[in-house]
Amino acid sequence: MKKIRLPFNNMTRDSWINLALAAVITFYIIQIGFFFFEGTICKDYAFDYCLYWSVGNLSNKYGFKEIYDIELVRKIQLEIFPFDPGQSDNFAGSPVGYFPIFMLPFTALSIFNLPFSYLLWTLLNLIGLILYLRFFTRKLFGDPLPNRLLLIFMLSLPVFVNFQEGQVNILLLICVGEFLRMLLSEKPFIAGLWLGVLLLKFVLLILIIPFFLIQREKKTLLGIFSFSFIIILASICLVGLEGMLALKNLFLGYVSGSPFNNVWAMINWRMVGWHASSISSSTLGWGITLIGTLTTAGLTFFFFRKWEKADPIKTTITLLGIFAATCVVSWHAHLHMSMILIPPMVYLIMKNRFNKNLFAAWVLIPVMVELIGIIIAFFLQMGNSFQLSFQILTLARGLPGFILNLLLLSWAVNNIYSTRKKIKNS
């Protein structure tokens with residue numbers, strides 16, 4: 001009697017990963033198909049890009065100095081955001097909390113109507129991401145990033161969400177990549193200039209600047225502050241002091257909380273505290289947020305207090321750990337911001353110094369958890385449990401990123417200290 005061969009039997013680790021990647025591709029194709037045939041722009045996709053587009057459109061109609069005028073922003077956003085009946089009356093308008101100089105590209109892009117402008121933005125970012133990652137590895141290793149590895153990074157959920165929302169994290173990824181490349185090339189001032197562009201989302205500088213202060217890296221700090229000064233000065237020239245005061249008030253509004261912040265779907269301690277508050281009390285939520293944030297930041301500085309900058313591998317591992325910790329402790333951090341971790345991961349993978357299981361988890365687990373969350377939320381909505389459905393969906397988006405960043409930080413710390421222990425014992 002012929003023996004029946006069971007499916008998926010005797011599959012290798014790589015075969016399982018290939019199967020998982022095929023499932024991820026299928027999941028994305030289904031989502032993109034939904035966006036294309038049934039989705040609504042500025043609701044189901046391109047939400048963040050619609051905010052950028054509205055500010056660019058406002059600057060063309062009323063002048064660039066008015067980009068933080070809430071009433072004008074509200075007027076334009078009411079025209080493009082699909083509100084349910086009665087919701088528009090409660091909509092206050094949402095200016096974009098970026099320095100004015102970063103909004104200039106959207107002044108040009110907003111001459112095109114939605115959704116064509118979003119598709120153009122997505123295409124430019126897609127090409128830019130592919131070309132940069134190949135450029136990054138070619139400059140450091142002499143060869144471009146292998147196509148399979150490039151595809152795996154492109155399939156990670158942070159990258160997909162960045163394109164889905166129309167976000168700006170490709171620029172941040174490039175800046176972190178060039179910062180790392182210049183640092184490894186012993187050009188600290190130029191490295192600092194590249195890092196200064198992170199003022200676009202300045203919360204990403206919350207740990208790296210104190211780290212360089214502790215290390216007394218004067219040239220790198222000079223580069224950061226020099227470029228930051230240029231950005232601030234150019235922004236003042238664009239919108240004046242009155243516009244910068246409006247931006248300051250907008251920053252304060254983000255700190256106190258805004259419905260557009262989506263705290264419940266973040267990847268930081270603030271998200272964990274929000275969910276704890278929703279099932280217990282605000283006291284417990286705030287306690288978790290503050291204790292978790294301060295403990296993570298303090299341990300990060302403690303473990304990385306000795307920086308062996310002459311060793312490029314240890315330097316890259318240290319920076320990966322610091323940026324992973326940054327995503328966990330920042331007051332505003334979403335999954336797509338994890339794209340800044342890609343350049344150091346690429347470097348370590350090309351050097352064969354990154355944990356393969358951790359990398360597979362970083363790529364695959366967020367997608368799988370998101371899919372499970374969507375399925376559970378669907379059945380909960382059928383049972384009219386809308387609040388619980390919402391919490392499951394947001395947790396499925398934020399919690400995997402939060403846990404994986406903690407794992408990356410732990411891996412970096414362990415790697416640095418295990419290496420030192422081996423050297424000490426030899």
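## Salt bridges

Arg-397 and Glu-370 pair up in a salt bridge, with their closest N and O atoms 2.8 Å apart (the criterion is a side-chain nitrogen of Lys or Arg within 4 Å of a carboxyl oxygen of Asp or Glu). This pair ties together distant parts of the chain: Arg-397 sits in helix α17 (residues 386-425) and Glu-370 in helix α16, 27 residues apart. Helices here are DSSP runs of H or I with at least four residues, while strands are runs of E with at least two, and numbering starts at the N terminus. Arg-397 is buried, at 19% relative accessible area, and Glu-370 is buried too, at 7%. For those labels, buried means under 20% relative accessible area, exposed means over 50%, and partly exposed is in between (1.4 Å probe, protein chains only).

A quick note on the model: it is predicted, so local features need pLDDT of at least 70 and side-chain atom pairs count only at pLDDT 80 or more, while totals for chains, interfaces and linings use all residues. Residues are numbered from 1 along each chain as its sequence is written, and side-chain values use heavy atoms, with hydrogens and water left out.

A search of the whole structure turns up four salt bridges. One of them joins Arg-181 to Glu-178, with closest N and O atoms 2.7 Å apart. These two are three residues apart in helix α8 (residues 169-184), so about one helical turn separates them. In general, an α-helix has 3.6 residues a turn, so residues three or four places apart point the same way. Both partners are buried: Arg-181 has a relative accessible area of 13%, and Glu-178 has 6%.

## Around helix α14

Helix α14 (residues 312-329) has 18 residues and spans 26 Å from first C-alpha to last, close to the 26 Å expected at 1.5 Å a residue; that expected span is 1.5 Å times one less than the number of residues. Of its 18 residues, 17 are buried, so α14 is largely enclosed by the rest of the structure.

At the start of α14, a side-chain oxygen of Asp-311 comes to within 3.0 Å of the backbone nitrogen of Ile-313. Lys-314 makes a salt bridge with Glu-308, at 2.8 Å from N to O. Lys-314 counts as buried at 7% relative accessibility, whereas Glu-308 is partly exposed at 31%.

## Cysteines

How many disulfides does a search of the whole structure find? One, using a cut-off of 2.5 Å between cysteine sulfur atoms. Cys-42 and Cys-50 form it, with sulfurs 2.0 Å apart. The link is left-handed, with -80 degrees about the S-S bond, and both Cys-42 and Cys-50 are buried.

## A nonpolar patch

Which residues make the nonpolar surface patch of about 530 Å²? Leu-371, Ile-375, Phe-378, Phe-379 and Met-382 do. Patches are built from residues with over 30% relative accessible area and no salt bridge, joining like charges within 9 Å and nonpolar side chains (Val, Leu, Ile, Met, Phe, Trp, Tyr) within 5 Å. Areas come from the Shrake-Rupley method with a 1.4 Å probe, and for residues only the protein chains shown count as cover.

Ile-375 is found in helix α16 (residues 356-382). Ile-375 is partly exposed, with a relative accessible area of 43%.

Conventions. Polar contact = N/O pair within 3.5 Å; in protein donor to acceptor, adjacent residues only side chain to side chain.
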